[in-house]
Amino acid sequence: MLHSKLINKSKSKKPEHRVDNLVWLTLGTLLITLVIMAVALWLYRISGTAQLDLSRPEFNGVRQQAKVTEDDEFESSGTITRGTVNDFMKLFKARAEKIDAIKAFGPEPLSDQALSLE
Amino acid sequence: MKKWLSFLAISSVALLVVACPVWAAETPANQKQLDMVAYRCSSVKANIKRLQTQDAITRVELGQNYESILTKLMVPMNTRLAKNSFDGGNILSITADFSSNLDNFRQHYQQYDETISDLLNIDCTKKPADFYNKLLTARAKRSDVQTDCANLSQNIKSYREELQLVTFQVN
């Protein structure tokens, strides 16, 4: 009965009102989409993800240079023996050496000399 | 009348505040360098762009390794030590320092990258002073990132040394 009442009510509305409602619905949906997209882009920038995103077009030529490492994980459960500590030290040393091998953010590349500003 | 006078006074002060940074930017620290910036604008920008790309690769690789050391090695070892009732000494505080320095690294790199992007958006033929000032800022931000990397390396070294002490407790 309620269902038929609702149907009768909508049928009683003028066609122009139904079109107006549809236009408002479309505009409202577009507006909400734009707001959500703006928030998503803002979060992408603010969170630092933009700096890590090598899928950006400017990284086309160098994307392959980034080495994706799949490292062994040390188990958090188990006993502690000299053997396990030694195994851990081997993993730790290997990881530390990878970091030391990367020349990280020295001042030379931005110097006046490097940029030929002297 | 009084209202007009106060409005004029406030406007003058506001104008000075807005204009001063412009004056400061246009005052060259070294005219020769500014001339070089304007003359070599496109090659300087190309070098900086190349550097930005390379830095992104470095950032990803370093970030992966730091994250891996923290989550796959330090934290599991700390958990295991605790479960086996070992006295980890300063291991927990070193791990906390490492985590804090890693957050600083992420934050400082983001600021550095944004500064480089701003730098690349400046027209150095028309605004060499602005470009050079921004370059100085970029150098400072890069130095912050380097400091974070040095601190993280120190944390790694300290963690290893502290763990060596723990092995004396092991049978």
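## Aromatic pairs

The structure, a predicted model, holds 10 aromatic pairs over all chains. Rings of Phe, Tyr and Trp (its six-membered ring) pair if their centres lie within 6.5 Å. One aromatic cluster is formed by Phe105(A), Tyr66(B), Phe98(B), Phe105(B), Tyr109(B) and Tyr112(B).

## Two helices in chain B

Helix 3 (residues 41-83) of chain B packs with helix 5 (residues 128-167) of chain B at an angle of about 25°, their axes 12 Å apart. That makes the two helices roughly parallel (angles under 35 degrees). Helices here are DSSP runs of H or I, at least four residues, numbered from the N terminus. Axes are lines fitted to C-alpha atoms over the stretch in contact, and angles run from 0 to 180 degrees between N-to-C directions.

Contact means heavy atoms within 4.5 Å. In helix 3 of chain B, the residues that meet helix 5 of chain B include Leu51(B), Asp55(B) and Tyr66(B). On the helix 5 side, Arg142(B), Cys149(B) and Tyr159(B) are among them. By class, this contact has 17 nonpolar, one polar and three charged residues.

## A salt bridge between them

Seven salt bridges occur over all chains (a side-chain nitrogen of Lys or Arg within 4 Å of a carboxyl oxygen of Asp or Glu). In one, Arg142(B) pairs with Asp55(B), the closest N and O atoms being 2.8 Å apart. Arg142(B) lies in helix 5 of chain B and Asp55(B) in helix 3 of chain B, so the pair ties together parts 87 residues apart in sequence.

## Reading the numbers

Residues are numbered from 1 along each chain as its sequence is written, and chains are lettered from A in the order in which they are written. Local features need pLDDT of at least 70, side-chain atom pairs count only at pLDDT 80 or more, and side-chain values use heavy atoms, with hydrogens and water left out.

Notes
Parallel < 35°, antiparallel > 145°, perpendicular 65-115°, else oblique. Nonpolar A, V, L, I, M, F, W, Y, C, P; charged D, E, K, R; others polar. Phe/Tyr/Trp six-rings, centres within 6.5 Å; stacked < 30°, edge-to-face > 60°.
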